[in-house]
Amino acid sequence: SLSSNYEAQMKSLLRIVRIFCHVFRIGPSSPSNGNDMGYNGNKTPRSQVFKVRKVYDVVRKIDVKEMNFTKHAFINQTSHEQEPLELLWHSLDEWLVLIATELMKNKRDSANITSILLKQKGPDHQDATPTPSFATAGTESTKELSTDTGDSKTYEVAGKQEACADCQDVISMTANRLSAVIQAFYMCCSCQMPQGMTSPRFIEFVCKHDDVLKCFVNRNPKIIFDHFHFLLECPELMSRFMHIIKAQPFKDRCEWFYEHLHSGQPDSDMVHRPVNENDILLVHRDSIFRSSCEVVSKANCAKLKQGIAVRFHGEEGMGQGVVREWFDILSSEIVNPDYALFTQSADGTTFQPNSNSSVNPDHLNYFRFAGQILGLALNHRQLVNIYFTRSFYKHILGIPVNYQDVASIDPEYAKNLQWILDNDISDLGLELTFSVETDVFGAMEEVPLKPGGASILVTQENKAEYVQLVTELRMTRAIQPQINAFLQGFHMFIPPSLIQLFDEYELELLLSGMPEIDVNDWLKNTEYTSGYERGDQVIQWFWDVVEELTQEERVLLLQFVTGSSRVPHGGFAHIMGGSGLQNFTIAAVPYTANLLPTSSTCINMLKLPEYPSKEILKDRLLVALHCGSYGYTMA
């Protein structure tokens with residue numbers, strides 16, 4: 001139907017189908033009696049849930065005056081007992097075949113779909129089968145598209161340019177409607193399958209209509225998140241559309257990611273929910289890693305997804321600022337050498353799982369906890385104070401590593417692998433085999449790259465396989481238990497299907513934010529309150545001082561005011577507060593001698609005294625930063 005209230009109709013259809021699926025899943029009330037009866041003593045067999053004697057309004061007839069698709073859309077109600085949903089799926093199939101046919105004509109004739117639909121009939125089409133036509137209403141230049149099997153007629157089109165534009169968008173007109181029915185089809189197929197399995201019938205359906213569905217997604221990628229949820233739940237189908245999804249702007253994918261991640265959570269529309277005392281994570285600052293691991297492992301996963309409340313033992317403060325500091329400190333503790341979980345990369349700026357982490361008997365439990373912390377941080381848009389190697393981000397995303405990733409842990413070894421690929425090794429006498437020696441706790445052990453590898457020579461023909469297997473050994477196999485434990489914790493809060501929306505560079509931005517602090521962006525996204533304005537002398541001095549600070553001191557200032565030492569992707573305009581986005585704010589405080597600046601991290605507010613000079617302002621600010629960037633009391 002082209003009626004204006006189709007969205008309400010689609011919602012009604014999906015709601016009804018959900019009810020059908022719920023009844024179907026409930027199953028027989030008395031499985032031992034041999035009868036497949038429905039819920040609560042219902043006398044209708046479960047196999048008959050989707051059957052009724054009449055087709056009411058599940059599939060509406062399409063008015064011939066609006067759409068002459070009689071052959072494809074009308075339902076022949078000749079059977080006494082019909083299956084309306086099966087008829088709906090049949091109609092859906094025919095619509096998609098029809099659109100695929102038009103797309104093929106468009107491709108073959110090197111013309112767009114508008115020219116095909118508006119193409120005038122010639123004398124040789126007088127006895128042709130009626131061709132479907134699309135009509136839309138709502139403009140003064142009303143279009144009348146008709147078909148006829150008699151004498152040759154032409155399309156009467158008023159306002160040719162407007163008609164072309166409308167008909168060119170016919171796929172957009174039908175895509176949302178058909179996509180909603182596809183979602184209903186998926187729901188019905190899924191309710192008849194075991195949990196976690198995709199219906200073979202539905203996979204066959206998607207493969208059959210692959211081109212049309214990709215056309216829908218190309219024209220409106222948001223369809224994936226509105227109706228094509230099956231792509232996020234079925235890896236074998238997701239791979240067919242991944243190139244389209246990743247072609248969308250990073251900002252859009254971030255919005256889709258969080259929209260789907262938080263969908264269905266209770267009270268998701270509430271700005272603030274009261275905290276239950278039993279749900280507060282009470283941790284000890286002097287043993288923050290172990291105490292946090294203990295309380296998180298005991299906490300309810302579903303409640304942690306909804307919100308986090310943290311309190312440090314012996315401190316009164318609690319709120320989003322404390323939560324941000326908790327993540328900030330924990331992320332640093334995760335890579336603490338005392339736990340032997342991660343090792344520094346060759347350049348000393350990133351970290352990689354330690355292949356010898358088993359020296360710590362609890363290393364796999366700690367890796368699982370590390371995954372939980374990063375998953376929670378990403379779930380709640382909190383940044384972590386750590387950067388990992390590209391290969392580790394790839395492991396999180398399920399992307400295969402390559403020999404270039406070896407450079408992060410052993411640049412010279414990576415150069416050797418590159419040299420093997422770039423040169424002919426046939427007559428060099430290297431005598432390499434598909435086995436390598438590796439260091440295990442200071443002792444060298446020979447490890448085969450594949451079964452019987454010690455007796456297989458590396459040749460010019462198989463050297464690419466050798467390089468890939470060496471890479472997998474160094475970057476994956478050597479740390480596979482650690483990776484698995486980490487992902488087990490991470491996936492408790494972040495589904496694997498959703499994180500696939502990003503590449504390794506984008507994942508780093510999501511987890512750790514921008515590595516540099518842009519003072520101009522900071523200044524541009526700062527607000528002033530309690531008497532301060534942008535042009536005040538004290539504010540001018542403050543920004544002059546910020547320009548003079550080192551990068552480390554700027555990080556301390558950001559930590560002091562917001563509780564986090566990182567800037568989120570998108571810059572200071574995207575800093576989060578206790579109830580959503582909250583700009584960095586400077587509030588005026590009356591000056592008294594030796595008074596230090598203070599802050600309210602829940603609202604990202606710096607309470608800056610009205611200092612009499614720039615020198616005093618800088619001195620007092622640096623004292624506050626170096627002595628008071630950690631720890632909380634009630635303001």
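Hi everyone, and thanks for coming. Please keep in mind that we are looking at a predicted model.

Let's begin with helix α19, which covers residues 463-475. From its first C-alpha to its last, this helix of 13 residues reaches 18 Å, close to the 18 Å expected at 1.5 Å a residue. Which residues of α19 are buried? They are Lys463, Tyr466, Val467, Leu469, Val470, Thr471, Leu473 and Met475.

Now please move along to strand β12, residues 584-589. Most of β12 is covered, with five of its six residues buried.

Which strands does β12 pair with? One of them is β9, residues 526-529; the two are parallel and share four bridges.

Staying with β14 brings us to the cysteine I promised. Where is cysteine 602? You will find it in the loop between β13, residues 598-600, and β14. The unreviewed UniProt entry puts an "active site" feature at Cys602.

And is cysteine 602 buried, exposed or partly exposed? Its relative accessible area is 32%. Buried would need under 20% and exposed over 50%, so cysteine 602 counts as partly exposed.

That's my tour, and I'm happy to go back to any of these places with you.

Key
Residues are numbered from 1 along each chain as its sequence is written. This is a predicted model: local features need pLDDT of at least 70, side-chain atom pairs count only at pLDDT 80 or more; totals for chains, interfaces and linings use all residues. Side-chain values use heavy atoms; hydrogens and water are left out. The expected span of a helix is 1.5 Å times one less than its number of residues. Buried means under 20% relative accessible area, exposed over 50%, partly exposed in between (1.4 Å probe, protein chains only). Two strands pair if DSSP finds at least two bridges between them. UniProt positions are given in the numbering used here, feature names are shortened, and annotations may be inferred rather than shown by experiment.
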